[in-house]
Amino acid sequence: MNAPQQSLLNDSRFRPWEPVLWLLAFAAPLLVPSHASIINEIAIVALFAVSLDLILGYTGIVSLGHAAFFGMGGYAAALFAKLVMPDPLVGLAVGIVTATLLGAACSFTIMRGSDLTRLMVTLGVGLILLELANKLDWLTGGADGLQGVVMGPLLGTFEFDLAGRTAAWYSLTVLLALFVLLRRVVHSPFGATLKAIRDNRLRAMAIGIPVNRKLAVVYTLAAGVAGAAGALMTQTTGFASLDLFEFHRSADVMLILVIGGTGWLYGGVAGAIVFKLMQDALSSITPQYWTFWIGLFLVVLVLVGRERLIRPWTWFSRGGKS
Amino acid sequence: MLTILFDGIAYGMLLFILAVGLAVTMGLMNFINLAHGAFAMAGGYITVLLMQRFGVPFLLCLPLAFIGSALLGGVLERTLYRPLYHKPHLDQVLFSIGLVFMAVASVDYFVGSTQQIIQLPEWLKGRTELGSGAWMLGMGHYRLFIIAVCAALTVGLQYVLGYTRFGSRLRASVDDQRVAAGLGINVNMVFLTTFAVGSGLAGLGGALGAEVLGLDPSFPLKFMVYFLIVVAVGGTSSITGPLLAALLLGIADVAGKYYIPKLGAFIVYSLMIAILIWRPQGLFVRKGGK
């Protein structure tokens with residue numbers, strides 16, 4: 001085995017701390033049972049952020065409309081549960097499939113143009129879906145949201161309880177499964193081509209990588225994962241509202257990813273934990289104005305530099321290696 | 001029908017004034033500034049507060065709104081924006097979203113979240129009607145006023161950019177900063193002035209538009225999309241591009257909301273996506289421009 005192969009493989013191996021981390025995550029609903037619902041939310045948001053990382057961190061496409069897929073998966077799963085059958089796993093599959101189809105349709109919109117154009121088009125898709133969900137009120141309940149979504153027991157045995165422990169484990173399991181899958185994807189040759197496209201699109205094209213096709217595939221994949229996150233959200237809360245599609249959700253998930261670090265799957269997970277805990281703490285102090293502090297945090301984050309924020313000792317040394 | 005066209009034009013003109021500053025910062029300085037709506041909101045709130053608390057007449061408020069937002073823009077450019085000109089687009093997006101969040105929350109905190117109402121002077125409240133039947137043209141005086149102000153501003157801007165010393169300095173700084181600096185142009189000053197004027201225009205637009213668009217703390221988020229559409233569709237290399245895009249958008253939006261109210265803002269977004277897929281650099285781009 002030669003050196004490049006070795007170095008590529010090194011990245012894809014599981015580190016010893018990773019199983020420990022996951023064990024801790026799964027133990028968390030038992031250790032702090034009163035916080036099971038926030039653990040559930042963290043797992044969902046983490047999954048959402050990881051899916052954005054696929055397109056932002058690994059291919060460098062700035063998207064402001066990722067909530068489109070989140071909401072699509074969410075509404076599909078909720079409607080399926082309400083109108084067809086309440087089994088959560090089938091509903092999850094329906095959510096994923098719907099979002100994937102939408103992602104495939106939208107993947108044509110991101111291939112051309114500059115950052116600004118892509119930003120606008122992704123934002124526009126999200127807004128169109130928001131508008132649709134608002135206007136098709138006979139189906140989605142409009143601005144009041146889709147109520148009366150009742151979930152059947154998971155695998156026929158585990159009921160969703162009020163404390164939210166089943167929900168937390170359910171979301172964590174889906175997160176783990178998709179995480180392992182995506183981890184495999186980004187360390188495969190396919191993942192390597194994505195990074196090549198991100199780093200230098202022209203050169204990637206020159207060495208024979210079909211850039212547009214790869215972008216379409218990864219965008220579709222990311223859409224499917226975001227749909228899964230949305231489906232989990234509506235299934236565990238039993239409620240779907242326009243809020244799923246809203247702009248601030250896309251902005252939040254971008255922020256989460258940037259806090260945790262892009263181009264590194266655990267970045268989404270780490271960012272979700274930090275963001276949700278911060279949001280929880282801030283909104284209990286200032287329920288109405290917590291967005292101010294989030295905004296301030298963003299501004300400081302960018303001004304200080306994303307790499308430097310996690311290395312406080314470099315803040316006051318000008319220049320240097322960073 | 002003509003009335004709808006007229007209202008659409010007034011709306012488009014308003015959007016143009018709101019967005020033209022953004023076209024300059026985004027197109028010329030290559031900075032994705034999502035916080036542009038916050039300056040517009042600043043202008044709107046300056047007007048409302050001056051009129052309600054101090055009884056300043058409406059016409060005097062407009063220049064004050066311009067100056068206030070321009071000062072705010074100038075200060076922020078010098079302190080916060082300048083270090084970010086050469087950062088990646090993602091950083092600029094995050095930074096300006098952060099500013100928007102802060103602006104929304106602070107206005108909410110200081111002024112309250114209720115919608116603000118502007119008392120127009122009597123002579124702007126009327127309405128003139130021409131013709132009759134299907135071709136009747138009803139012109140609200142306030143809309144006429146908006147169109148007049150915006151047209152004057154457009155001509156003025158075009159003149160400044162195309163025929164004055166400052167305009168040529170700006171274009172030189174944009175095309176090649178280093179060479180411009182070498183020729184003795186104070187690039188930082190030029191950019192600072194441009195940014196301040198752009199923010200001031202946004203503020204003026206906010207003051208003018210408060211009556212038409214409504215003014216509450218969520219203003220920057222609600223209308224951010226419209227500004228961005230104007231700029232993205234119009235292309236950023238000239239003043240005429242955004243102007244035509246704003247008119248198109250205004251007319252499409254007003255007509256769509258009138259004829260097919262069920263669809264709402266749907267038409268505008270679909271139109272934008274279609275145009276952007278067709279011409280990713282915007283509709284009106286000169287060949288060889290940046």
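**Helix pairs, spans and overall form**

Author: In this predicted model, helices α13(A) and α14(A) cross in the right-handed sense.

Reader: Which residues make the contact between α13(A) and α14(A), and how many of them are nonpolar, polar or charged?

Author: From α13(A) come A:F275, A:M278, A:Q279, A:L282 and A:S283, and they meet A:W290, A:W293, A:I294 and A:F297 of α14(A). By class, this contact has 7 nonpolar and 2 polar residues, with no charged residues.

Reader: Why is α9(B) also described as oblique to α10(B)?

Author: In chain B, α9 (residues 219-234) and α10 (residues 240-259) pack with their axes 8 Å apart, at an angle of about 130 degrees. Roughly perpendicular ends at 115 degrees and roughly antiparallel begins over 145, so an angle of about 130 degrees makes α9(B) oblique to α10(B). The crossing of α9(B) past α10(B) is right-handed.

Reader: Which residues of α9(B) and α10(B) meet?

Author: On the α9(B) side they are B:Y226, B:I229, B:V230, B:V233 and B:G234, while α10(B) contributes B:G241, B:P242, B:A245, B:A246, B:L249, B:D253 and B:K257. The contact of α9(B) with α10(B) has 8 nonpolar, 2 polar and 2 charged residues.

Reader: Which residues of chain B does the annotation "transmembrane region" cover, and what is the helix content of residues 58-81?

Author: The unreviewed UniProt entry places "transmembrane region" on several stretches of chain B, among them residues 58-81 and 142-161. In the model, residues 58-81 of chain B are 100% helix and 0% strand, with end C-alpha atoms 32 Å apart. Residues 142-161 of chain B are likewise 100% helix and 0% strand, and their end C-alpha atoms lie 28 Å apart.

Reader: How do you know that the radius of gyration of chain A agrees with that of a compact globule?

Author: For 322 residues a compact globule would have a radius of gyration near 20 Å, and chain A has 20 Å, so the two agree. Along the principal axes, the C-alpha atoms of chain A fill a box of roughly 55 × 45 × 40 Å, and the chain has 15 helices and 0 strands.

Terms used:
Residues are numbered from 1 along each chain as its sequence is written. Chains are lettered from A and ligands numbered from 1 in the order in which they are written. This is a predicted model: local features need pLDDT of at least 70, side-chain atom pairs count only at pLDDT 80 or more; totals for chains, interfaces and linings use all residues. Side-chain values use heavy atoms; hydrogens and water are left out. UniProt positions are given in the numbering used here, feature names are shortened, and annotations may be inferred rather than shown by experiment. Helices (H or I, at least four residues) and strands (E, at least two) are DSSP runs, numbered from the N terminus. Axes are lines fitted to C-alpha atoms, for helices over the stretch in contact, and angles run from 0 to 180 degrees between N-to-C directions. Angles under 35 degrees count as roughly parallel, over 145 as roughly antiparallel, 65 to 115 as roughly perpendicular and the rest as oblique. A crossing is left-handed if the near helix is turned anticlockwise from the far one by less than a right angle, and right-handed if clockwise. Contact means heavy atoms within 4.5 Å. Ala, Val, Leu, Ile, Met, Phe, Trp, Tyr, Cys and Pro count as nonpolar, Asp, Glu, Lys and Arg as charged, and the others, Gly among them, as polar. The radius of gyration is taken over C-alpha atoms; the globule rule is 2.2 Å times the number of residues to the power 0.38.
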